[in-house]
Amino acid sequence: MSKRTSEAARARIAAQREALRKQEQRKRTTTIIAVVVIAVVAVAIGWWSMRQGESEKVTGGLAPVTIQQDGSVVMAKPGVTAPVVDVYEDYQCPACKQLEETSGSTLKNLAAEGKAKVVYHMITIFSDEPAHSNSLRAANAARCVTDGSQYMKFHDLLYQRQPSETETGFSPDDLVKWGKEAGVTAPDFETCVRQQRNVSAHDQYTSTIMSSLKLSGTPTVMLNGQSLDTGTAFVPSALRDAVVKAPSKG
């Protein structure tokens with residue numbers, strides 16, 4: 001092989017090696033870009049998911065709150081009769097506490113915006129002790145509140161102070177103290193709490209609700225009489241979307 005031919009062969013080999021090197025470099029660059037894009041998309045999806053489940057802040061004053069004769073509580077602006085959001089809950093129920101923490105503010109805002117009539121129905125679903133008696137004491141105390149705005153403050157405070165299902169809680173002393181903390185002004189509030197004046201009425205209301213609606217548990221959230229799944233009730237953005245799109249005329 002002549003010297004010129006040998007040099008040409010080496011040049012071709014060098015050129016092929018350089019081409020392969022550049023090809024591998026492009027592959028690595030493409031892989032890095034793909035990984036970065038996937039990571040960015042994943043972060044974006046995670047951020048979107050977090051935003052979807054993020055609790056709202058109460059943006060202003062509450063809509064008027066009216067305590068009904070049967071013990072249910074209506075929160076709605078004057079003239080708003082639909083859509084109706086019925087919330088069936090138990091003060092001792094941990095899932096009910098979670099619902100209040102995640103979607104409670106959304107319900108308050110929707111009512112304040114005139115976009116819904118929200119009705120709270122307190123019932124007792126527990127049969128085992130001490131959860132059963134805990135629930136009764138809390139529900140009785142709430143019924144001792146006669147002012148709507150004070151009721152909602154007490155309602156929220158009871159969930160914040162919810163005891164374990166396996167421990168005795170919601171003692172009369174605590175309930176009276178929390179009533180003062182919530183600004184309850186009913187003159188016979190303490191007596192009502194300690195004498196448990198409303199337990200019988202609450203038991204009757206629970207029986208009526210459970211037999212008429214065949215509830216499987218709490219919390220149960222209904223929109224215009226139809227139960228919402230947990231993926232809607234416990235996701236503030238989904239709950240708002242469902243309510244806003246619901247018929248606003250009864």
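Me: What does the secondary structure of the chain come to?
Reply: In this predicted model, the secondary structure of the chain comes to nine helices and six strands.

Me: And how many of the residues count as buried, as a percentage?
Reply: The chain has 250 residues, and 41% of them count as buried.

Me: OK, helices next. How do H2 and H4 cross?
Reply: Helix H2 covers residues 94-112 and helix H4 covers residues 148-160, and their axes come within 9 Å and cross at roughly 150°. Angles over 145 degrees count as roughly antiparallel, and H2 and H4 are therefore roughly antiparallel to each other. The crossing in which H2 passes H4 is left-handed.

Me: Which residues make that contact between H2 and H4?
Reply: On the H2 side they are Cys96, Lys97, Glu100 and Lys108, while H4 brings Met152, His155, Asp156, Tyr159 and Gln160. Sorted by class, this contact of H2 with H4 has three nonpolar, two polar and four charged residues.

Me: What about H2 and H9, at what angle do they cross?
Reply: The axes of H2 and H9 come within 9 Å and cross at roughly 30°. Because angles under 35 degrees count as roughly parallel, that makes H2 roughly parallel to H9. H2 passes H9 in a crossing that is right-handed.

Me: Which residues meet there, and how do they divide by class?
Reply: From H2 there are Thr102, Ser103, Thr106, Leu107, Asn109 and Leu110, and they meet Pro236, Leu239, Arg240, Val243 and Val244 of H9. The residues of this contact of H2 with H9 divide into six nonpolar, four polar and one charged.

Me: Switching to salt bridges, how many does the structure hold?
Reply: The structure holds 10 salt bridges. Some of them form a network, in which Glu56, Glu113, Lys115 and Arg240 are linked. Arg240 has already come up, as one of the H9 residues that meet H2.

Me: What does Asp241 pair with?
Reply: The side chain of Asp241 meets that of Lys245 in a salt bridge, at 3.2 Å from N to O. Asp241 and Lys245 are four residues apart in helix H9, which spans residues 236-245, so they are separated by about one helical turn.

Me: Are those two buried or exposed?
Reply: Asp241 counts as partly exposed, because its relative accessibility is 37%, whereas Lys245 is exposed, with a relative accessible area of 65%.

Me: And which residue does Arg194 meet in a salt bridge?
Reply: The side chain of Arg194 meets that of Glu190, at 3.0 Å from N to O. Arg194 and Glu190 are four residues apart in helix H6, residues 189-195, so about one helical turn separates them. Arg194 counts as partly exposed at 39% relative accessibility, and Glu190 is partly exposed with a relative accessible area of 35%.

Me: What about Arg197, which residue is its partner?
Reply: Arg197 forms a salt bridge with Asp188 through their side chains, at 3.0 Å from N to O. Arg197 counts as partly exposed at 44% relative accessibility, and Asp188 counts as partly exposed at 34%.

Definitions and conventions. Residues numbered from 1 in each chain as written. Predicted model: local features only at pLDDT ≥ 70, side-chain atom pairs only at ≥ 80, totals over all residues. Heavy atoms only, no water. Axes fitted to C-alpha atoms, helices over the stretch in contact; angles between N-to-C directions. Helix = DSSP H or I, 4+ residues; strand = E, 2+ residues; numbered from the N terminus. Parallel < 35°, antiparallel > 145°, perpendicular 65-115°, else oblique. Left-handed = near helix turned anticlockwise from the far one by under 90°. Contact = heavy atoms within 4.5 Å. Nonpolar A, V, L, I, M, F, W, Y, C, P; charged D, E, K, R; others polar. Salt bridge = Lys/Arg side-chain N within 4 Å of Asp/Glu carboxyl O. Buried < 20%, exposed > 50% of the residue type's maximum accessible area, 1.4 Å probe, protein only.
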